[in-house]
Amino acid sequence: MTAIEYDVIVIGAGPVGENVADRVVQGGLTAAIVERELVGGECSYWACMPTKALLRSASALRAARQLPGAREAVTGTLDVAAVLGRRDSFASHWKDDGQVSWLESAGIALHRGQGRIRSARVVPVTGVDGVTVTLTARHAVVVATGSSALLPDIPGLREAAPWSSRDAASAASVPRRLAIIGGGVVAAEMATAFAALGSSVTVLARDGVLPSAEPFAGELVAESLREAGVSVRLGAEAVSVSRDAGGTVHVTTADGQLVDADEVLVAVGRTPNTQDIGLERVGLAPGAWLRVDDTLRVVGGGGWLYAAGDVNRRVLLTHQGKYQARAAGDVIVARARGEKIEDGQWGRHAVTADERAVPQVIFTDPEVASVGLTAAAATAAGRRIRVVDYDLGSVAGSSLHADGYKGHARMVVDEDRKVIVGFTLAGPDVAELIHAATIAVVGEVPLDRLWHAVPAYPTVSEVWLRLLETYGR
Ligand SMILES: Cc1cc2nc3c(=O)[nH]c(=O)nc-3n(C[C@H](O)[C@H](O)[C@H](O)COP(=O)(O)OP(=O)(O)OC[C@H]3O[C@@H](n4cnc5c(N)ncnc54)[C@H](O)[C@@H]3O)c2cc1C
Ligand SMILES: NC(=O)c1ccc[n+]([C@@H]2O[C@H](COP(=O)([O-])OP(=O)(O)OC[C@H]3O[C@@H](n4cnc5c(N)ncnc54)[C@H](O)[C@@H]3O)[C@@H](O)[C@H]2O)c1
């Protein structure tokens, strides 16, 4: 058995683990990263990249069809094989050579295999060949093992060989009929993608469509899915599933409806990858999410154990996990050097934005882009708020952007401080607009000052001015 020592060991080479290791090396420490599957993690091969590639071509086609002149030039239908081919290239054909070269260039050592913590700062790694290498960290071990699709306890579901988001993202062909259990982000995006690719899709949205977003967002997406031929069943709960000898899946709902499909996609949330990483050896519960403080140190983890990304459940998004990674990497370096820790609100080592300003874009039709708190979440948090709404289709730039542009914008204002604490846009191509709102929320820009941030005419961004006018001066 070989033993090697590094300053920092990162378990999991997803986007988050890679960024922690990079930051640590840039800070002058040595780092090893442990990966049991593909370097790049879920996001690169089975989540963000392939799913967005599945959605993008149909979105471009829809945009062209909304414009006289362009519409007439679109004479064919979506080329499904070309879409799947482009998706394959965005998933790097499920090979990680490029990412491995990047690790090398960044000076990060890679150990392939399953990492399991054995004791404080000691992580044996067992490779596929069964050989174990024992890694020891001088300063910190960072768990960045991510999450996996949750399989609910529905009778017959497991035996029916359901699709997880991984299967949907990497599908080699398009099922004729697709049933989707869930109504959240994965369900909404994959219903949009597979309907456009030609599947007959049924969505069983027990808790509604996009229930965590502002209600108008889910309503607009549900309406558009229905227009695209998707059967959206609100409140429908799957209670049993079976697959017959011919391969057809039968899903029964609590109210006695039966849905037949060729595949059933389960999209009801995530479970942490902490089952088999040795947490029990250091007094923590295997299979549980890892609770962390604002500098990403695991609560009850002895001071040397950190957790970043999906696995700590703060925010399950790549960009926010990478934000955590930058803070974690920097704070590990600072602690190793005995430097001052800046863990106050908005401090360099604290992930304050996790609670206050998380941006997200849901690539449905229409797109949903948001940052900060919804009105409901702000109210639940005890804020005295005013909600300002505006019809996005009434903005001059929107009507130019596409005929019949349909969308909505909402600004949530903290009335005690006169700053924006939440912002949501739903409409075609709103994805690129959200960063302005993120800056306003993070910068806590007073509304009085925002009047001086003049949006260019005629852009969709003029909604900012309309929202301020609606709020009043
Ligand atoms: C379908 C889908 C679409 C998504 N789309 C978006 C999007 O558009 N934008 C966005 O921001 N987010 C999106 N997300 C969320 C995003 O994928 C995750 O937030 C992100 O991948 C989390 O990164 P991570 O590094 O924490 O974990 P992961 O990406 O899951 O990486 C963890 C890595 O750790 C490895 N690992 C686990 N255990 C061990 C072990 N014991 N030893 C060694 N290696 C181990 C795994 O093999 C994996 O490579 C999407 C998620 C899904 C499911
Ligand atoms: N574009 C993006 O940013 C993007 C895209 C995809 C996924 N993601 C991230 O990945 C994570 C996972 O996505 P997801 O859609 O699996 O989770 P989610 O939490 O977004 O949605 C899961 C949905 O399933 C419902 N649900 C839970 N249990 C159920 C059951 N037994 N039967 C029926 N419905 C049930 C919930 O009410 C919820 O609406 C999310 O946190 C999301 O942020 C992000």
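**Conventions**

I number residues from 1 along each chain as its sequence is written, letter chains from A and number ligands from 1 in the order in which they are written. Because the model is predicted, local features need pLDDT of at least 70 and side-chain atom pairs count only at pLDDT 80 or more, while totals for chains, interfaces and linings use all residues.

**Entry 1: domains**

I looked up the domain assignment of the protein chain, which gives domain 1 (2–45 + 91–148 + 272–349), domain 2 (158–268) and domain 3 (366–471). Such bounds come from an automatic or database domain assignment. Taken over C-alpha atoms, the centres of domain 1 and domain 3 are 36 Å apart.

I then read the UniProt record. It places "domain: FAD/NAD(P)-binding" (unreviewed entry) at residues 6–322, and "domain: Pyridine nucleotide-disulphide oxidoreductase dimerisation" (unreviewed entry) at residues 358–464. UniProt positions are in the numbering used here, feature names are shortened, and annotations may be inferred rather than shown by experiment.

For residues 6–322 I noted 29% helix and 24% strand, with the end C-alpha atoms 22 Å apart. For residues 358–464 I noted 25% helix and 31% strand, with the end C-alpha atoms 19 Å apart. Helices (H or I, at least four residues) and strands (E, at least two) are DSSP runs, numbered from the N terminus.

**Entry 2: ligand 1**

I listed the shell around ligand 1 and found 36 residues, the closest being Gly12, Gly14, Gly41, Gly146 and Gly309. A residue is near a molecule or strand if its C-beta atom, placed from the backbone, lies within 6 Å of it.

Elements that supply at least two residues each to this shell include α1 (15–26), β2 (31–35), α3 (48–65) and α9 (318–337). By class, the shell around ligand 1 holds 14 nonpolar, 16 polar and 6 charged residues. Here Ala, Val, Leu, Ile, Met, Phe, Trp, Tyr, Cys and Pro count as nonpolar, Asp, Glu, Lys and Arg as charged, and the others, Gly among them, as polar.

Where does ligand 1 lie relative to domain 1 and domain 2? Both domains give residues to its shell, so ligand 1 lies between them.

**Entry 3: the parallel sheet**

I traced an open sheet of 4 strands, ordered β10-β9-β8-β14, with parallel pairing. Two strands pair if DSSP finds at least two bridges between them. β10 (231–234) and β14 (263–266) are the edge strands, each pairing on one side only. From one strand to the next the twist averages 15°.

Within the sheet, β8 (residues 177–181) and β9 (residues 200–205) run parallel and are joined by 5 bridges. Alanine 179 has threonine 202 in β9 as its bridge partner. α7 packs on this sheet, touching β8, β9 and β14, and its direction makes about 165° with that of β9. Contact means C-beta atoms, placed from the backbone, within 7 Å. Axes are lines fitted to C-alpha atoms, for helices over the stretch in contact, and angles run from 0 to 180 degrees between N-to-C directions.

**Entry 4: the antiparallel sheet**

I traced an open sheet of 5 strands in the order β17-β18-β21-β20-β19, with antiparallel pairing. β17 and β19 (385–391) stand at the edges with a single partner strand each, so one side of each is left without a neighbour in the sheet. The twist averages 10° from one strand to the next.

β18 (residues 367–372) and β21 (residues 419–427) run antiparallel, joined by 6 bridges. Serine 370 has threonine 424 in β21 as its bridge partner. Helix α8 (residues 215–227) packs on the sheet, touching β18, β20 (408–414) and β21, and its direction makes about 5° with that of β21.

**Entry 5: backbone exceptions**

Most residues other than glycine have a negative phi, and most peptide bonds are trans. I looked for exceptions.

- The peptide bond from aspartate 365 to proline 366 is cis, with omega near 0°; proline 366 sits in the loop between β17 and β18.
- The peptide bond from tyrosine 457 to proline 458 is also cis, with omega near -5°; proline 458 is in the loop between α14 (447–450) and α15 (463–471).
- Histidine 93 has a positive phi, near 55°, and is in the loop between α4 (80–90) and α5 (97–106).

Conventions
Contact = placed C-beta atoms within 7 Å.
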